[in-house]
Amino acid sequence: MRDLTTYFYTEDGVVKAVDGVDLDVYRGKVLGLVGESGCGKSTVASAVMRLLPPNGEISGGQILFQDRDLCQLDQEAMRRYWQSADMICLRTGFDEGFQK
């Protein structure tokens with residue numbers, strides 16, 4: 001992940017929830033995000049999975065997985081990519097991490 005920026009558009013204006021986050025996660029490794037309440041941990045995870053609410057937007061940066069920028073995929077392409085074997089492994093690993 002390079003320079004991830006995620007905004008939420010509200011009635012009160014724009015909320016810059018994530019601004020310039022860089023992360024590297026290597027094959028076979030686990031990454032934990034730790035921080036204060038409201039610091040953007042869940043927003044980063046939701047952005048990676050492309051599961052932001054309707055008022056949320058990845059405004060900049062890259063989410064690279066297997067040399068592919070997931071931010072460049074439209075919803076249908078992301079759905080197909082999610083169903084690929086590699087993404088299923090990623091999703092399973094993600095789910096198992098919360099079950100321990």
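This is a predicted model: local features need pLDDT of at least 70, side-chain atom pairs count only at pLDDT 80 or more; totals for chains, interfaces and linings use all residues.
Select Leu 4 and Val 21: Leu 4 stands opposite Val 21, a residue of strand β2.

Before moving on, note the ground rules. Residues are numbered from 1 along each chain as its sequence is written, and side-chain values use heavy atoms, with hydrogens and water left out.

**Next stop: residues 2–10.** This is strand β1. Strand β1 is joined to β2 by 7 bridges, and the two run antiparallel. Two strands count as paired if DSSP finds at least two bridges between them.

With β1 they form an open sheet of 3 strands, ordered β2-β1-β3, with antiparallel pairing. Neighbouring strands here are turned by 15° against each other on average, direction ignored. The axes are lines fitted to C-alpha atoms, and angles run from 0 to 180 degrees between N-to-C directions.

**Colour by secondary structure.** The chain holds 3 helices and 5 strands. Helices are DSSP runs of H or I with at least four residues; strands are runs of E with at least two. From the N terminus, the order is β-β-α-β-β-β-α-α.

**Select the whole chain.** Show the surface: the accessible area is about 7,200 Å², from the Shrake-Rupley method with a 1.4 Å probe. Carbon and sulfur atoms own 50% of that surface.

**Last, draw contacts** (heavy atoms within 4.5 Å). Among those with a separation of 6 or more, 41% link residues 24 or more positions apart.
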